[in-house]
Amino acid sequence: MKNWNPITTEQQVREIVEKSNEKPQIIFKDSVTCGISAYAKERLVSGNDVLIAKADFNYLDLLSYRSVSNFIADELNVIHQSPQIIVLKDGVVVYRVSHHSIQAEEIAKYL
């Protein structure tokens with residue numbers, strides 16, 4: 001999606017955490033070769049309008065940027081999963097979900 005901000009560096013993750021003090025931030029960790037990730041991504045695309053109206057959407061291709069994915073897990077103190085959604089507000093994780101539980105309408109409740 002063109003309004004999804006790609007994450008490629010640890011510095012971008014730090015900036016996302018900082019931005020969450022002004023506007024909720026969503027991180028989607030995607031394993032591009034995984035069928036479950038593809039299904040989750042499809043649900044996010046179809047619910048994109050619900051999310052983008054309320055938050056910035058940040059996308060990580062974790063196969064290409066595995067070290068950044070590991071940094072996210074360490075920095076945000078979340079267990080690494082794939083696919084995974086992490087919602088940040090005021091510098092902290094307020095919601096995280098993975099696999100088949102990823103649904104735009106549910107994510108929107110935490111924004």
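Residues are numbered from 1 along each chain as its sequence is written, and side-chain values use heavy atoms, with hydrogens and water left out. Because the model is predicted, local features need pLDDT of at least 70 and side-chain atom pairs count only at pLDDT 80 or more, whereas totals for chains, interfaces and linings use all residues.

The protein contains five helices and five strands; helices (H or I, at least four residues) and strands (E, at least two) are DSSP runs, numbered from the N terminus. Their order from the N terminus is β-α-β-α-α-β-α-β-β-α. The radius of gyration, taken over C-alpha atoms, is 12 Å. Along the principal axes, the C-alpha atoms fill a box of roughly 30 × 30 × 25 Å. Of the contacts with a separation of 6 or more, 68% link residues 24 or more positions apart, a contact being heavy atoms within 4.5 Å.

Five of its six residues are buried, so β3 is largely enclosed by the rest of the structure. Here buried means under 20% relative accessible area, exposed over 50% and partly exposed in between (1.4 Å probe, protein chains only). Two strands pair if DSSP finds at least two bridges between them. Strand β1 (residues 4-6) pairs with β3 in the parallel sense over three bridges, and N5 stands opposite N58. Strand β2 (residues 25-30) also runs parallel to β3, joined by six bridges; N58 is the bridge partner of I27.

The nonpolar cores come next. Such a core is a set of buried Ala, Val, Leu, Ile, Met, Phe, Trp, Tyr and Cys residues joined through side-chain atoms within 4.5 Å. The largest has 18 residues, and those with the most contacts inside it are I26, L44, L51, I85 and I107. Two or more residues each come from β2, α2 (35-46), β3, β4 (84-89), β5 (92-98) and α5 (104-108); the largest share, three residues, is that of α5. Beyond its neighbours within four places in sequence, I26 is in contact with residues including L51, F57, I85, I107 and L111. Another core, of 14 residues, lies apart from this one, with F71, L76, V78 and L88 among its members.

Conventions
The radius of gyration is taken over C-alpha atoms; the globule rule is 2.2 Å times the number of residues to the power 0.38.
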